[in-house]
Amino acid sequence: MTDDEILTVSRADTTGSVPVLAAVGEIDHDSRDILREAADLALRDGGSRLVIDLGDVSFCDSGGLGLFLELHRLTTARGGALRLARVPPPVQLVLGATNLDRLLHLEPTVEDAVRAFR
Amino acid sequence: MDTVVDVGWCQALRTLLDRAHLVTPSGLAALVAEAAGPLGLRPTIWLIDYEQTSLHAMPVAGRETPGPIPVDGSLPGRAFASVVSLYVGGSGTQAGRWWVPVVNGTERFGLIEFTPVDGTDGQGRDFVTRCELLAGLVGHLLGTIMTGGDGIEQLRRTRPMSVAAELLWRQLPPLTSSTEAAVVTAILQPCYDVGGDGFDYVLENTGACLLVLDAMGRGLGAGLACAVALAAIRATRRAGRGLYDQARAADAALLDQFQDARFATAVLAELDLETGRLRYVNAGHPAPLLLRGGRLVRQLSDGRRMPLGVDDPSVEVAEESLEPGDRLLLYTDGVTEARADGGERFGVDRLVDLTERHAGSGLPAPETLRRLAHTVTAHQGGPPADDATLMLVEWSATASHRTVPGARQVIRDDEGRS
(Lines give C-alpha, C1' and ligand atoms only; values in the text may rest on other atoms or scores of the structure.)
Protein backbone atom coordinates (compact mmCIF):
# COMPACT_ATOMS: atom_id res chain seq x y z
CA MET A 1 0.00 0.00 0.00
CA THR A 2 1.41 3.39 -0.95
CA ASP A 3 0.80 6.53 1.07
CA ASP A 4 -1.91 7.89 -1.22
CA GLU A 5 -4.02 4.74 -1.07
CA ILE A 6 -6.14 4.71 2.05
CA LEU A 7 -7.56 1.27 1.23
CA THR A 8 -6.25 -1.75 -0.66
CA VAL A 9 -8.18 -4.96 -1.19
CA SER A 10 -6.71 -8.24 -2.41
CA ARG A 11 -7.92 -11.81 -2.88
CA ALA A 12 -6.75 -14.10 -0.09
CA ASP A 13 -8.71 -17.31 -0.70
CA THR A 14 -7.82 -20.20 1.56
CA THR A 15 -9.86 -22.82 -0.30
CA GLY A 16 -11.40 -22.96 -3.72
CA SER A 17 -14.96 -22.70 -2.43
CA VAL A 18 -15.28 -19.29 -0.74
CA PRO A 19 -13.76 -16.02 -1.95
CA VAL A 20 -11.85 -14.15 0.76
CA LEU A 21 -11.07 -10.45 0.43
CA ALA A 22 -8.34 -8.98 2.62
CA ALA A 23 -8.88 -5.26 3.26
CA VAL A 24 -6.02 -3.08 4.50
CA GLY A 25 -6.45 0.57 5.52
CA GLU A 26 -9.54 2.73 6.08
CA ILE A 27 -13.06 2.10 4.76
CA ASP A 28 -15.05 5.32 4.34
CA HIS A 29 -17.37 7.03 1.87
CA ASP A 30 -14.49 7.76 -0.49
CA SER A 31 -12.63 4.46 -0.34
CA ARG A 32 -15.49 1.98 -0.11
CA ASP A 33 -15.87 1.71 -3.89
CA ILE A 34 -12.49 -0.08 -3.94
CA LEU A 35 -13.96 -2.77 -1.70
CA ARG A 36 -17.23 -2.77 -3.62
CA GLU A 37 -15.48 -3.43 -6.93
CA ALA A 38 -13.49 -6.30 -5.45
CA ALA A 39 -16.67 -7.76 -3.94
CA ASP A 40 -18.58 -7.42 -7.21
CA LEU A 41 -15.82 -9.28 -8.96
CA ALA A 42 -15.78 -12.01 -6.31
CA LEU A 43 -19.56 -12.39 -6.49
CA ARG A 44 -19.93 -12.27 -10.28
CA ASP A 45 -21.76 -15.14 -11.94
CA GLY A 46 -24.23 -15.22 -9.06
CA GLY A 47 -21.78 -15.97 -6.22
CA SER A 48 -23.53 -16.00 -2.84
CA ARG A 49 -20.68 -16.43 -0.34
CA LEU A 50 -18.09 -13.89 0.70
CA VAL A 51 -15.58 -13.47 3.51
CA ILE A 52 -13.97 -10.09 4.18
CA ASP A 53 -10.87 -10.13 6.37
CA LEU A 54 -10.90 -6.82 8.30
CA GLY A 55 -7.88 -7.63 10.49
CA ASP A 56 -5.82 -4.78 9.03
CA VAL A 57 -8.58 -2.18 8.85
CA SER A 58 -7.93 0.78 11.17
CA PHE A 59 -11.10 2.80 10.55
CA CYS A 60 -14.62 2.27 9.22
CA ASP A 61 -17.41 4.88 8.99
CA SER A 62 -21.08 4.68 8.04
CA GLY A 63 -20.09 4.42 4.37
CA GLY A 64 -18.33 1.14 5.16
CA LEU A 65 -21.27 -0.08 7.23
CA GLY A 66 -23.63 0.71 4.34
CA LEU A 67 -21.50 -1.40 2.00
CA PHE A 68 -21.46 -4.33 4.46
CA LEU A 69 -25.24 -4.06 4.64
CA GLU A 70 -25.55 -4.06 0.83
CA LEU A 71 -23.30 -7.12 0.50
CA HIS A 72 -25.19 -8.84 3.31
CA ARG A 73 -28.48 -8.28 1.47
CA LEU A 74 -27.07 -9.37 -1.87
CA THR A 75 -25.53 -12.61 -0.60
CA THR A 76 -28.51 -13.44 1.61
CA ALA A 77 -30.90 -12.92 -1.33
CA ARG A 78 -28.84 -15.46 -3.25
CA GLY A 79 -29.10 -17.99 -0.42
CA GLY A 80 -25.59 -17.38 0.93
CA ALA A 81 -24.03 -14.97 3.41
CA LEU A 82 -21.39 -12.32 4.06
CA ARG A 83 -19.00 -13.11 6.90
CA LEU A 84 -16.66 -10.55 8.42
CA ALA A 85 -13.47 -12.05 9.86
CA ARG A 86 -10.95 -10.68 12.37
CA VAL A 87 -13.03 -7.57 13.10
CA PRO A 88 -10.68 -5.11 14.88
CA PRO A 89 -11.79 -3.00 17.89
CA PRO A 90 -12.48 0.26 15.97
CA VAL A 91 -14.79 -1.58 13.56
CA GLN A 92 -16.41 -3.56 16.40
CA LEU A 93 -17.11 -0.24 18.07
CA VAL A 94 -19.11 1.20 15.14
CA LEU A 95 -20.87 -2.12 14.53
CA GLY A 96 -21.85 -2.16 18.22
CA ALA A 97 -22.86 1.51 18.34
CA THR A 98 -25.24 1.04 15.41
CA ASN A 99 -26.40 -2.42 16.60
CA LEU A 100 -25.49 -3.81 13.18
CA ASP A 101 -23.50 -6.54 14.97
CA ARG A 102 -26.93 -8.10 15.51
CA LEU A 103 -27.35 -8.61 11.79
CA LEU A 104 -23.89 -9.15 10.31
CA HIS A 105 -21.96 -12.39 10.85
CA LEU A 106 -18.68 -11.78 12.67
CA GLU A 107 -16.05 -14.54 12.92
CA PRO A 108 -12.82 -14.51 14.93
CA THR A 109 -10.63 -15.88 12.10
CA VAL A 110 -10.73 -16.28 8.33
CA GLU A 111 -10.65 -20.05 8.85
CA ASP A 112 -13.72 -19.84 11.12
CA ALA A 113 -15.50 -17.71 8.54
CA VAL A 114 -14.76 -20.13 5.69
CA ARG A 115 -15.62 -23.14 7.84
CA ALA A 116 -18.97 -21.56 8.80
CA PHE A 117 -20.08 -21.95 5.18
CA ARG A 118 -19.75 -25.73 5.25
CA MET B 1 -50.20 55.76 30.63
CA ASP B 2 -50.74 58.62 28.24
CA THR B 3 -53.97 58.03 26.30
CA VAL B 4 -52.91 60.18 23.35
CA VAL B 5 -49.63 58.26 23.06
CA ASP B 6 -51.50 54.93 23.23
CA VAL B 7 -53.82 55.95 20.40
CA GLY B 8 -50.71 56.66 18.33
CA TRP B 9 -49.30 53.20 19.05
CA CYS B 10 -52.64 51.53 18.23
CA GLN B 11 -52.65 53.41 14.93
CA ALA B 12 -49.13 52.12 14.20
CA LEU B 13 -50.21 48.52 14.86
CA ARG B 14 -53.27 49.04 12.70
CA THR B 15 -51.19 50.41 9.82
CA LEU B 16 -48.95 47.35 10.05
CA LEU B 17 -51.82 44.88 10.12
CA ASP B 18 -53.80 46.59 7.36
CA ARG B 19 -50.85 46.83 5.02
CA ALA B 20 -49.35 43.41 5.86
CA HIS B 21 -51.83 41.66 3.57
CA LEU B 22 -50.08 43.05 0.52
CA VAL B 23 -46.48 43.36 1.74
CA THR B 24 -43.56 41.35 0.33
CA PRO B 25 -40.84 39.98 2.65
CA SER B 26 -38.34 42.59 1.45
CA GLY B 27 -40.95 45.33 1.81
CA LEU B 28 -41.63 44.63 5.48
CA ALA B 29 -38.80 46.80 6.82
CA ALA B 30 -40.09 49.87 4.95
CA LEU B 31 -43.63 49.19 6.14
CA VAL B 32 -42.53 48.98 9.79
CA ALA B 33 -40.59 52.22 9.35
CA GLU B 34 -43.65 53.88 7.86
CA ALA B 35 -45.93 52.64 10.64
CA ALA B 36 -43.55 53.72 13.43
CA GLY B 37 -42.63 57.08 11.86
CA PRO B 38 -45.59 59.03 13.33
CA LEU B 39 -44.48 57.87 16.81
CA GLY B 40 -41.17 59.66 16.41
CA LEU B 41 -39.30 56.38 15.92
CA ARG B 42 -36.89 55.07 13.39
CA PRO B 43 -36.94 51.24 13.46
CA THR B 44 -34.37 48.99 11.83
CA ILE B 45 -35.05 45.25 11.61
CA TRP B 46 -32.01 42.99 12.13
CA LEU B 47 -32.14 39.29 11.26
CA ILE B 48 -29.87 36.51 12.48
CA ASP B 49 -27.99 34.54 9.80
CA TYR B 50 -28.24 30.76 9.44
CA GLU B 51 -24.94 30.20 11.25
CA GLN B 52 -26.25 32.35 14.14
CA THR B 53 -23.08 34.42 14.14
CA SER B 54 -24.17 37.90 13.01
CA LEU B 55 -27.22 40.14 12.77
CA HIS B 56 -28.00 41.68 9.36
CA ALA B 57 -30.05 44.84 8.81
CA MET B 58 -33.01 44.66 6.42
CA PRO B 59 -32.51 47.32 3.74
CA VAL B 60 -35.00 50.18 3.45
CA ALA B 61 -35.07 52.20 0.21
CA GLY B 62 -33.56 55.68 0.61
CA ARG B 63 -31.64 54.75 3.75
CA GLU B 64 -28.09 53.58 4.15
CA THR B 65 -27.99 49.95 5.32
CA PRO B 66 -25.62 49.42 8.24
CA GLY B 67 -23.18 46.49 8.14
CA PRO B 68 -23.63 43.25 10.09
CA ILE B 69 -23.20 43.16 13.86
CA PRO B 70 -21.62 40.11 15.51
CA VAL B 71 -23.69 38.44 18.23
CA ASP B 72 -20.63 37.70 20.34
CA GLY B 73 -19.14 40.73 22.04
CA SER B 74 -21.71 43.35 20.97
CA LEU B 75 -24.48 44.99 23.02
CA PRO B 76 -27.18 44.18 20.43
CA GLY B 77 -25.82 40.62 20.46
CA ARG B 78 -26.45 40.56 24.20
CA ALA B 79 -30.11 41.47 23.63
CA PHE B 80 -30.39 38.71 21.02
CA ALA B 81 -28.66 36.11 23.17
CA SER B 82 -30.64 36.78 26.33
CA VAL B 83 -33.97 37.52 24.56
CA VAL B 84 -34.25 40.70 26.65
CA SER B 85 -34.71 44.31 25.48
CA LEU B 86 -31.62 46.42 25.98
CA TYR B 87 -31.23 50.19 26.14
CA VAL B 88 -27.96 51.59 24.87
CA GLY B 89 -27.39 55.18 25.95
CA GLY B 90 -26.41 57.84 23.44
CA SER B 91 -22.88 59.09 22.95
CA GLY B 92 -21.70 62.10 20.97
CA THR B 93 -24.01 62.60 18.01
CA GLN B 94 -25.53 59.15 18.36
CA ALA B 95 -28.91 59.02 20.11
CA GLY B 96 -29.75 56.44 22.74
CA ARG B 97 -31.79 53.51 21.42
CA TRP B 98 -33.57 50.30 22.30
CA TRP B 99 -32.67 46.88 20.95
CA VAL B 100 -35.77 44.70 21.19
CA PRO B 101 -35.84 40.92 20.45
CA VAL B 102 -37.97 39.64 17.57
CA VAL B 103 -39.25 36.10 17.88
CA ASN B 104 -41.90 33.98 16.19
CA GLY B 105 -43.41 31.97 19.01
CA THR B 106 -40.06 31.65 20.74
CA GLU B 107 -37.87 31.10 17.68
CA ARG B 108 -35.30 33.89 17.59
CA PHE B 109 -35.39 35.87 14.33
CA GLY B 110 -33.34 38.88 15.40
CA LEU B 111 -33.92 42.37 16.80
CA ILE B 112 -35.56 45.69 16.06
CA GLU B 113 -33.44 48.73 16.79
CA PHE B 114 -35.75 51.58 17.83
CA THR B 115 -34.11 54.99 17.61
CA PRO B 116 -36.21 57.89 18.97
CA VAL B 117 -36.13 60.90 16.63
CA ASP B 118 -37.57 64.43 16.73
CA GLY B 119 -37.09 64.77 20.48
CA THR B 120 -39.15 61.68 21.35
CA ASP B 121 -38.51 60.55 24.94
CA GLY B 122 -37.57 56.92 24.65
CA GLN B 123 -36.35 56.33 28.19
CA GLY B 124 -39.32 54.99 30.09
CA ARG B 125 -40.53 51.50 30.83
CA ASP B 126 -43.86 52.28 29.09
CA PHE B 127 -41.95 53.15 25.98
CA VAL B 128 -40.06 49.86 25.69
CA THR B 129 -43.22 47.90 26.49
CA ARG B 130 -44.80 49.44 23.41
CA CYS B 131 -41.69 48.73 21.33
CA GLU B 132 -41.97 45.10 22.45
CA LEU B 133 -45.60 45.07 21.32
CA LEU B 134 -44.59 46.27 17.86
CA ALA B 135 -41.64 43.83 17.71
CA GLY B 136 -44.00 41.02 18.76
CA LEU B 137 -46.28 41.73 15.84
CA VAL B 138 -43.33 41.99 13.44
CA GLY B 139 -42.08 38.56 14.64
CA HIS B 140 -45.39 36.93 13.78
CA LEU B 141 -45.60 38.78 10.45
CA LEU B 142 -42.09 37.66 9.53
CA GLY B 143 -43.02 34.06 10.30
CA THR B 144 -46.09 34.35 8.11
CA ILE B 145 -44.69 36.09 5.04
CA MET B 146 -40.97 35.31 4.97
CA THR B 147 -41.18 32.35 2.58
CA GLY B 148 -43.28 34.35 0.08
CA GLY B 149 -40.15 35.89 -1.44
CA ASP B 150 -36.41 35.33 -1.38
CA GLY B 151 -35.35 38.66 0.16
CA ILE B 152 -35.26 37.48 3.76
CA GLU B 153 -33.73 34.09 2.94
CA GLN B 154 -30.97 35.86 1.00
CA LEU B 155 -30.29 38.28 3.84
CA ARG B 156 -29.94 35.38 6.30
CA ARG B 157 -27.39 33.55 4.11
CA THR B 158 -23.77 34.59 4.04
CA ARG B 159 -23.12 32.10 1.25
CA PRO B 160 -25.14 29.83 -1.05
CA MET B 161 -26.70 26.67 0.31
CA SER B 162 -26.07 23.20 -1.11
CA VAL B 163 -29.05 21.43 -2.70
CA ALA B 164 -29.10 18.97 0.19
CA ALA B 165 -29.18 21.76 2.78
CA GLU B 166 -31.94 23.58 0.88
CA LEU B 167 -33.97 20.36 0.86
CA LEU B 168 -33.36 19.63 4.50
CA TRP B 169 -34.06 23.06 6.00
CA ARG B 170 -37.55 23.00 4.47
CA GLN B 171 -38.31 19.78 6.36
CA LEU B 172 -37.50 21.17 9.80
CA PRO B 173 -39.78 22.65 12.46
CA PRO B 174 -38.86 26.01 14.07
CA LEU B 175 -35.49 25.92 15.86
CA THR B 176 -37.22 26.70 19.17
CA SER B 177 -40.73 26.20 20.59
CA SER B 178 -41.97 26.67 24.13
CA THR B 179 -45.08 26.04 26.21
CA GLU B 180 -45.84 26.96 29.83
CA ALA B 181 -44.17 23.70 30.86
CA ALA B 182 -41.17 23.17 28.60
CA VAL B 183 -38.90 24.39 25.85
CA VAL B 184 -37.50 22.39 22.92
CA THR B 185 -34.68 23.80 20.84
CA ALA B 186 -32.30 22.41 18.21
CA ILE B 187 -29.36 23.44 16.07
CA LEU B 188 -27.85 21.96 12.92
CA GLN B 189 -24.35 22.49 11.50
CA PRO B 190 -22.78 23.06 9.00
CA CYS B 191 -25.88 25.06 8.10
CA TYR B 192 -25.09 25.63 4.40
CA ASP B 193 -23.82 22.11 3.67
CA VAL B 194 -25.79 19.89 5.98
CA GLY B 195 -26.68 16.58 4.37
CA GLY B 196 -27.71 13.61 6.44
CA ASP B 197 -28.67 15.08 9.81
CA GLY B 198 -32.19 16.22 10.62
CA PHE B 199 -34.61 16.61 13.50
CA ASP B 200 -38.28 16.99 14.23
CA TYR B 201 -40.36 17.63 17.30
CA VAL B 202 -43.84 18.62 18.37
CA LEU B 203 -44.62 20.30 21.64
CA GLU B 204 -48.15 20.03 23.04
CA ASN B 205 -49.44 21.10 26.44
CA THR B 206 -49.36 17.52 27.73
CA GLY B 207 -46.28 16.17 26.02
CA ALA B 208 -43.52 16.36 23.46
CA CYS B 209 -42.43 14.07 20.61
CA LEU B 210 -38.76 14.24 19.69
CA LEU B 211 -36.69 12.93 16.79
CA VAL B 212 -33.03 13.25 15.87
CA LEU B 213 -31.78 11.55 12.68
CA ASP B 214 -28.42 10.87 11.05
CA ALA B 215 -28.66 9.35 7.57
CA MET B 216 -25.66 7.44 6.27
CA GLY B 217 -23.60 9.01 3.53
CA ARG B 218 -23.05 12.52 2.33
CA GLY B 219 -24.62 15.26 0.28
CA LEU B 220 -27.93 14.96 -1.50
CA GLY B 221 -28.12 11.17 -1.18
CA ALA B 222 -27.97 11.44 2.59
CA GLY B 223 -30.35 14.43 2.56
CA LEU B 224 -32.93 12.47 0.58
CA ALA B 225 -32.72 9.49 2.94
CA CYS B 226 -33.07 11.81 5.93
CA ALA B 227 -36.09 13.57 4.39
CA VAL B 228 -37.78 10.24 3.57
CA ALA B 229 -37.27 8.86 7.10
CA LEU B 230 -38.39 12.11 8.69
CA ALA B 231 -41.55 12.29 6.58
CA ALA B 232 -42.40 8.63 7.24
CA ILE B 233 -42.09 9.16 11.00
CA ARG B 234 -44.04 12.41 10.94
CA ALA B 235 -46.90 10.96 8.85
CA THR B 236 -47.15 7.93 11.15
CA ARG B 237 -47.10 10.09 14.28
CA ARG B 238 -49.81 12.34 12.87
CA ALA B 239 -51.87 9.24 12.12
CA GLY B 240 -51.86 8.71 15.89
CA ARG B 241 -49.49 5.73 15.98
CA GLY B 242 -46.68 5.16 18.46
CA LEU B 243 -42.87 5.03 18.43
CA TYR B 244 -42.58 1.40 17.31
CA ASP B 245 -44.84 1.98 14.30
CA GLN B 246 -43.05 5.23 13.47
CA ALA B 247 -39.68 3.46 13.32
CA ARG B 248 -41.14 0.63 11.26
CA ALA B 249 -42.69 3.12 8.83
CA ALA B 250 -39.24 4.67 8.32
CA ASP B 251 -37.79 1.16 7.71
CA ALA B 252 -40.42 0.47 5.07
CA ALA B 253 -40.05 3.85 3.35
CA LEU B 254 -36.23 3.65 3.17
CA LEU B 255 -36.26 0.02 1.99
CA ASP B 256 -38.88 0.81 -0.61
CA GLN B 257 -37.23 3.96 -1.91
CA PHE B 258 -33.54 3.09 -2.09
CA GLN B 259 -31.82 0.05 -3.60
CA ASP B 260 -28.45 0.64 -1.99
CA ALA B 261 -28.91 -0.19 1.69
CA ARG B 262 -29.30 3.37 2.83
CA PHE B 263 -29.93 3.68 6.55
CA ALA B 264 -30.32 6.33 9.22
CA THR B 265 -29.54 6.15 12.91
CA ALA B 266 -32.12 7.91 15.06
CA VAL B 267 -33.64 8.47 18.46
CA LEU B 268 -37.43 8.72 18.65
CA ALA B 269 -38.91 9.78 21.99
CA GLU B 270 -42.15 10.83 23.66
CA LEU B 271 -42.06 12.87 26.88
CA ASP B 272 -45.19 13.13 29.02
CA LEU B 273 -45.08 16.68 30.42
CA GLU B 274 -47.57 15.83 33.18
CA THR B 275 -45.84 12.76 34.65
CA GLY B 276 -42.26 13.04 33.36
CA ARG B 277 -42.44 9.61 31.76
CA LEU B 278 -40.09 9.38 28.79
CA ARG B 279 -40.51 6.57 26.24
CA TYR B 280 -37.85 6.14 23.58
CA VAL B 281 -36.43 3.99 20.82
CA ASN B 282 -32.79 4.14 19.81
CA ALA B 283 -32.02 3.00 16.26
CA GLY B 284 -28.22 2.64 16.42
CA HIS B 285 -27.74 6.24 17.56
CA PRO B 286 -25.70 7.86 20.37
CA ALA B 287 -27.63 7.54 23.65
CA PRO B 288 -29.54 10.67 24.79
CA LEU B 289 -28.16 12.35 27.91
CA LEU B 290 -30.30 13.00 30.98
CA LEU B 291 -28.99 16.01 32.93
CA ARG B 292 -30.10 17.06 36.40
CA GLY B 293 -28.73 19.65 38.80
CA GLY B 294 -25.61 20.36 36.79
CA ARG B 295 -24.52 16.80 36.11
CA LEU B 296 -25.14 13.78 33.95
CA VAL B 297 -27.65 11.45 35.61
CA ARG B 298 -27.28 8.80 32.94
CA GLN B 299 -27.00 8.01 29.27
CA LEU B 300 -30.29 6.53 28.11
CA SER B 301 -28.90 3.41 26.51
CA ASP B 302 -31.92 1.08 26.29
CA GLY B 303 -34.60 0.61 23.63
CA ARG B 304 -31.98 -0.33 21.09
CA ARG B 305 -32.67 -1.57 17.60
CA MET B 306 -30.79 -1.46 14.32
CA PRO B 307 -30.74 1.73 12.21
CA LEU B 308 -33.86 2.83 10.37
CA GLY B 309 -33.87 1.21 6.95
CA VAL B 310 -32.69 -2.14 8.32
CA ASP B 311 -35.73 -4.34 8.76
CA ASP B 312 -35.75 -4.78 12.56
CA PRO B 313 -39.00 -5.87 14.22
CA SER B 314 -37.29 -6.68 17.53
CA VAL B 315 -37.32 -3.39 19.42
CA GLU B 316 -38.84 -2.81 22.83
CA VAL B 317 -39.68 0.78 23.69
CA ALA B 318 -37.60 1.86 26.71
CA GLU B 319 -38.82 4.00 29.61
CA GLU B 320 -37.27 6.55 31.92
CA SER B 321 -38.64 8.90 34.58
CA LEU B 322 -37.75 12.57 34.38
CA GLU B 323 -38.01 15.03 37.25
CA PRO B 324 -39.19 18.63 36.89
CA GLY B 325 -36.22 20.82 35.91
CA ASP B 326 -34.46 17.99 34.07
CA ARG B 327 -32.72 18.56 30.78
CA LEU B 328 -32.62 16.03 27.99
CA LEU B 329 -29.92 16.37 25.33
CA LEU B 330 -30.09 14.48 22.03
CA TYR B 331 -27.24 14.71 19.55
CA THR B 332 -25.63 13.12 16.51
CA ASP B 333 -22.12 11.66 16.51
CA GLY B 334 -20.81 14.65 14.52
CA VAL B 335 -20.87 16.52 17.86
CA THR B 336 -18.92 14.09 20.03
CA GLU B 337 -16.69 12.76 17.23
CA ALA B 338 -15.60 16.26 16.14
CA ARG B 339 -11.81 16.15 16.22
CA ALA B 340 -9.32 18.89 16.94
CA ASP B 341 -6.10 19.13 14.95
CA GLY B 342 -4.32 16.99 17.51
CA GLY B 343 -6.96 14.28 17.07
CA GLU B 344 -8.73 14.89 20.37
CA ARG B 345 -12.48 14.14 20.18
CA PHE B 346 -15.02 16.67 21.49
CA GLY B 347 -16.50 13.87 23.57
CA VAL B 348 -19.53 13.41 25.83
CA ASP B 349 -17.88 14.84 28.99
CA ARG B 350 -17.22 18.20 27.39
CA LEU B 351 -20.73 18.24 25.94
CA VAL B 352 -22.33 17.60 29.34
CA ASP B 353 -20.09 20.10 31.09
CA LEU B 354 -20.78 22.95 28.65
CA THR B 355 -24.52 22.29 28.49
CA GLU B 356 -24.87 22.40 32.25
CA ARG B 357 -22.61 25.41 32.59
CA HIS B 358 -24.55 27.49 30.01
CA ALA B 359 -28.03 26.34 30.99
CA GLY B 360 -27.18 26.51 34.70
CA SER B 361 -26.10 30.15 34.35
CA GLY B 362 -29.59 31.09 33.17
CA LEU B 363 -29.09 31.31 29.42
CA PRO B 364 -32.15 30.69 27.27
CA ALA B 365 -32.09 27.14 25.83
CA PRO B 366 -31.48 28.24 22.20
CA GLU B 367 -28.53 30.35 23.34
CA THR B 368 -27.05 27.36 25.19
CA LEU B 369 -27.16 25.38 21.94
CA ARG B 370 -25.85 28.27 19.84
CA ARG B 371 -22.79 28.50 22.05
CA LEU B 372 -22.36 24.72 22.17
CA ALA B 373 -22.55 24.39 18.38
CA HIS B 374 -20.00 27.18 17.90
CA THR B 375 -17.70 25.55 20.44
CA VAL B 376 -17.89 22.26 18.51
CA THR B 377 -17.05 24.11 15.26
CA ALA B 378 -14.17 25.95 16.91
CA HIS B 379 -12.88 22.68 18.38
CA GLN B 380 -12.36 21.36 14.85
CA GLY B 381 -10.65 24.52 13.67
CA GLY B 382 -11.61 23.76 10.06
CA PRO B 383 -14.41 22.44 7.89
CA PRO B 384 -16.42 19.84 9.86
CA ALA B 385 -16.00 16.20 8.83
CA ASP B 386 -19.62 15.38 9.59
CA ASP B 387 -22.98 17.01 10.30
CA ALA B 388 -23.55 17.89 13.95
CA THR B 389 -27.03 18.24 15.46
CA LEU B 390 -28.06 19.08 19.00
CA MET B 391 -31.56 19.06 20.53
CA LEU B 392 -32.18 20.26 24.08
CA VAL B 393 -35.39 19.83 26.05
CA GLU B 394 -35.81 21.72 29.32
CA TRP B 395 -38.78 20.57 31.39
CA SER B 396 -39.09 23.77 33.39
CA ALA B 397 -41.46 26.76 33.37
CA THR B 398 -38.54 29.01 34.33
CA ALA B 399 -36.48 27.78 31.38
CA SER B 400 -39.49 28.21 29.11
CA HIS B 401 -40.04 31.83 30.20
CA ARG B 402 -36.39 32.61 29.47
CA THR B 403 -37.25 32.16 25.78
CA VAL B 404 -40.09 34.75 25.87
CA PRO B 405 -39.23 38.43 25.22
CA GLY B 406 -40.56 40.91 27.77
CA ALA B 407 -40.89 38.24 30.42
CA ARG B 408 -37.95 39.63 32.37
CA GLN B 409 -36.43 42.98 33.33
CA VAL B 410 -34.89 44.99 30.54
CA ILE B 411 -31.15 45.66 30.54
CA ARG B 412 -29.77 49.20 30.45
CA ASP B 413 -26.35 50.21 29.29
CA ASP B 414 -26.32 53.98 29.69
CA GLU B 415 -22.62 54.29 28.98
CA GLY B 416 -23.36 53.96 25.29
CA ARG B 417 -20.41 51.71 24.48
CA SER B 418 -22.11 50.24 21.43
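Start by selecting R86(A), which sits in the loop between strand 4 (81-85) and helix 3 of chain A; helices here are DSSP runs of H or I with at least four residues, strands are runs of E with at least two, and both are numbered from the N terminus. This is a predicted model, in which local features need pLDDT of at least 70 and side-chain atom pairs count only at pLDDT 80 or more, while totals for chains, interfaces and linings use all residues. Residues are numbered from 1 along each chain as its sequence is written, chains are lettered from A and ligands numbered from 1 in the order in which they are written, and side-chain values use heavy atoms, with hydrogens and water left out.

Stay on R86(A) and check its backbone: phi is positive, about 50°, although the residue is not a glycine. Most residues other than glycine have a negative phi, and most peptide bonds are trans. R86(A) counts as partly exposed at 36% relative accessibility (buried is under 20% relative accessible area, exposed over 50%, partly exposed in between, with a 1.4 Å probe and protein chains only).

Now colour residues 8-117 of chain A. UniProt lists them as "domain: STAS" in an unreviewed entry; its positions are given in the numbering used here, feature names are shortened, and annotations may be inferred rather than shown by experiment. Over residues 8-117 of chain A, the chain is 38% helix and 29% strand, with the end C-alpha atoms 25 Å apart.

Next, show both chains. The contact (heavy atoms within 4.5 Å) draws on 17 residues of chain A and 19 residues of chain B. Together the chains bury about 1,300 Å², 58% of it on carbon and sulfur atoms; buried area is the accessible area (1.4 Å probe) that two parts lose on being put together, summed over both.

Which residue of chain A pairs with R218(B) in a salt bridge? Select D30(A): its closest O atom and the closest N atom of R218(B) are 3.3 Å apart. The rule, a side-chain nitrogen of Lys or Arg within 4 Å of a carboxyl oxygen of Asp or Glu, finds 1 salt bridge across this interface. Helix 2 (62-77) and helix 3 (89-97) of chain A are the elements that give two or more residues to the side of chain A touching chain B. Helix 2 of chain A gives the most, with 7 residues.

Move to Y50(B), in the loop between strand 1 (41-48) and strand 2 (54-57) of chain B. Y50(B) is buried, at 6% relative accessibility. Its side chain makes a polar contact of 2.7 Å with the side chain of E153(B) (a pair of N or O atoms within 3.5 Å; within protein, one must be able to donate a hydrogen and the other to accept it, and residues adjacent in sequence count only if both atoms are side-chain atoms). Pick R156(B) too: it is 106 residues from Y50(B) along the chain, yet their C-alpha atoms are separated by 5.8 Å.

Then look at the peptide bond joining Q189(B) and P190(B), which is cis, with omega about -5°. P190(B) lies in the loop between strand 8 (183-189) and strand 9 of chain B.

Finish at D200(B), in strand 9 (residues 197-203) of chain B. Is D200(B) buried or exposed? D200(B) is buried, with a relative accessible area of 2%, and its side chain joins that of R237(B) in a polar contact of 3.0 Å. Beyond four places in sequence, the contacts of D200(B) include P173(B), C209(B), L230(B) and M391(B).
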